[in-house]
Amino acid sequence: MIWNEPKECMSRDERKVDQSKKLKEVVNKVYFNVPFYRKKMQETGLEPGDVKSIDDIDKLPFTTKNDLRENYPFGLFAVPKSEIVRVHASSGTTGKSIVVGYSRKDIDIFSEVVARAYCCAGVTKDDIVQIAYGYGLFTGGLGMHYGAEKLGAAVVPVSGGNTSKQLALMQDFGSTVLACTPSYAAFLSEAIEEANIDKKDLKLRVGIFGAEPWSNEMRSKIEAGLNITAFDIYGLSEIIGPGVSCSCEIQDGLHIAEDHFYPEILNTETLKGEKPGTVGELVFTTITKEAMPLLRYRTRDLASLNYDACKCGRTNVRMSKIQGRSDDMLIIRGVNVFPSQVESALLEIEEAKPHYMLIVDRVGTMDTLEIQVEIDDRYFSDEMVELNKVRQKIKHKVESILGVSVIINLVEHKTIARSEGKAQRVIDKRKI
Amino acid sequence: MIIKQLTVFLQNKSGRLEDLTDILAKNNINIAALSIAETEEYGIMRMIVSDHEKALQALKAAEFTVKTTDVVSIECPDIPGALHETLKTLTNNGIDVSYMYGYSNSGTARLIMKINNPEKAMEIIENNL
């Protein structure tokens with residue numbers, strides 16, 4: 001079933017007219033309501049009237065994660081605070097998060113695009129959706145929640161973690177749909193195995209997984225382990241949250257809700273547009289959002305676009321699975337981690353030196369992050385108790401900034417390779 | 001008496017201990033006593049050596065994380081109960097031992113103890129044992 005056929009199946013010509021109209025509106029809106037964008041446009045001598053159609057999008061300035069940080073918390077809002085009905089935030093360097101605001105209409109858009117994603121996955125109002133994404137500042141839990149309610153399905157808002165409870169509810173309520181990160185889905189599948197639960201007693205049939213990259217191999221493993229069909233959902237809080245795009249039963253790319261989020265693929269060197277099918281940096285312009293519209297937001301995710309109509313009947317553009325990152329961001333158990341965050345945490349601890357190595361691995365189905373830190377001669381102690389205190393102090397500091405648990409290992413002075421150029425800071429052993 | 005102990009941070013990897021003994025051997029340094037405390041990833045090696053100053057410089061030059069620490073060295077009879085008497089005296093006088101190791105040789109035993117207040121410990125030992 002297609003949730004919103006007029007919007008998801010319009011012709012490319014109609015699409016262009018629709019997007020052009022919406023782009024002109026959003027450019028006007030940010031020019032007159034967001035000083036950040038007015039200044040950026042004035043710097044290049046661009047006036048709202050210069051943007052006549054969607055083809056003029058390359059005249060517009062980019063927005064980066066750093067711009068969001070510098071305008072923390074509400075600097076990019078385009079509406080008075082009284083119009084804001086919700087805020088979400090993601091973890092950021094040294095406690096400075098990235099904040100996004102939603103008006104009532106934005107929440108409607110959010111619910112709409114997530115409802116489309118559920119429909120893409122074949123979920124209906126008769127389903128029971130167990131949401132094992134975290135609820136809170138993270139957009140995953142509440143985003144999937146509102147979308148499922150909009151669809152009319154029964155929502156089980158169990159949130160992340162508490163695996164034994166997840167399994168109990170799955171059995172007692174007969175949940176038919178599971179929404180969480182792929183790594184947690186894989187973990188749950190192992191837990192079901194270990195608890196000797198007969199999969200025939202479970203009613204699960206569909207999984208909607210996102211917030212971290214995963215391979216087709218992992219999809220097959222999860223599908224077999226949980227006896228479900230698994231779908232991919234993509235999103236980022238800056239744009240709205242989950243539901244920016246999602247895969248359908250054809251499993252050939254993710255349909256972008258391009259009546260709300262206009263995608264571009266840019267060459268990572270030149271930042272010029274790439275041809276369909278070529279991998280480059282994914283950039284989004286939110287053309288309908290009210291509270292915090294973003295022009296050409298650089299996601300740093302690498303993907304390609306396919307404008308051909310899909311066999312499922314939808315005509316909206318599809319993006320490939322994310323192929324990687326154009327920066328050094330890591331996704332650990334669904335949490336975005338930048339090596340620079342670790343560095344700034346270490347710089348705040350006098351016992352540690354800013355020489356470190358991140359070793360990411362997947363033990364079973366869970367990501368682990370080990371941080372090797374060189375011990376500073378001045379804080380080296382002959383007592384193990386004291387060294388453990390140093391280790392704990394580093395662990396607490398780093399975890400409070402990253403929002404994900406880490407293993408700290410102290411290593412000898414000068415054992416982490418010094419580099420003249422870009423230091424190798426990350427070893428990612430995961431096979432995903 | 002209060003003596004200098006050499007403390008070295010060692011990563012738990014094959015051959016690392018040998019790197020250290022190689023440097024000591026080349027510098028003609030003798031080890032009188034040693035102990036290693038280990039975790040999964042690293043260890044702390046503590047030693048009493050013939051020339052701690054020379055050993056410190058040699059190990060530093062080889063990029064080891066190394067320092068010297070004051071420890072208390074006590075001689076006691078090599079008989080059952082001797083260590084117990086020594087510790088009882090320290091405990092009764094409010095002295096705690098962070099870690100210790102020892103060795104015995106032809107009738108006498110020597111204990112190396114890490115104590116937060118070594119001077120006070122020595123005073124108590126001299127007055128009571």
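Helices (H or I, at least four residues) and strands (E, at least two) are DSSP runs, numbered from the N terminus. The model is predicted: local features need pLDDT of at least 70, side-chain atom pairs count only at pLDDT 80 or more, and totals for chains, interfaces and linings use all residues. Residues are numbered from 1 along each chain as its sequence is written, and chains are lettered from A and ligands numbered from 1 in the order in which they are written.

**Exercise 1. State how many helices and strands chain B has, and give their order.**

Step 1. Chain B has four helices and six strands.
Step 2. Along the sequence they follow the pattern β-α-β-β-α-β-α-β-β-α.
Step 3. The C-alpha trace of chain B spans about 45 × 30 × 25 Å along its principal axes.

**Exercise 2. Describe the side of chain B that touches chain A.**

Step 1. Two residues are in contact if their C-beta atoms, placed from the backbone, lie within 7 Å. In this sense 16 residues of chain B meet 13 residues of chain A.
Step 2. At least two residues each are supplied by β1 (2–11), β3 (42–49), β4 (65–77) and β5 (97–105) of chain B. The largest share, four residues, comes from β1(B).
Step 3. For classes, Ala, Val, Leu, Ile, Met, Phe, Trp, Tyr, Cys and Pro count as nonpolar, Asp, Glu, Lys and Arg as charged, and the others, Gly among them, as polar. This side of chain B has five nonpolar, six polar and five charged residues.

**Exercise 3. Describe how helices α8 and α9 of chain A pack.**

Step 1. Two packed helices are described by the angle between their axes and the distance between the axes. Axes are lines fitted to C-alpha atoms, for helices over the stretch in contact, and angles run from 0 to 180 degrees between N-to-C directions.
Step 2. The axes of α8 (residues 182–194) and α9 (residues 216–226) of chain A come within 9 Å and cross at roughly 35°.
Step 3. The contact is made by A:Pro182, A:Ala185, A:Ala186 and A:Ser189 of α8(A) with A:Met218, A:Lys221, A:Ile222, A:Gly225 and A:Leu226 of α9(A).
Step 4. By class, this contact has six nonpolar, two polar and one charged residues.

**Exercise 4. Relate the two domains of chain A.**

Step 1. The bounds, from an automatic or database domain assignment, are 5–327 for domain 1 and 332–428 for domain 2.
Step 2. The C-alpha centres of these domains of chain A lie 31 Å apart.
Step 3. Their contact takes 12 residues from domain 1 and 15 residues from domain 2. On the domain 1 side, α8(A) gives the most, with four residues.

**Exercise 5. Compare A:Ser159 and A:Asn162: is each buried or exposed?**

Step 1. Most residues other than glycine have a negative phi, and most peptide bonds are trans. A:Ser159 has a positive phi of about 70°, and A:Asn162 has a positive phi of about 55°.
Step 2. A:Ser159 is in the loop between β4 (154–156) and α7 (163–174) of chain A. A:Asn162 also lies in the loop between β4 and α7 of chain A.
Step 3. A residue is buried if 20 or more other C-beta atoms lie within 10 Å of its own, exposed if 12 or fewer, and partly exposed in between, with C-beta atoms placed from the backbone.
Step 4. A:Ser159 is buried because 20 other C-beta atoms lie within 10 Å. A:Asn162 has 12 C-beta neighbours inside 10 Å, so A:Asn162 counts as exposed.
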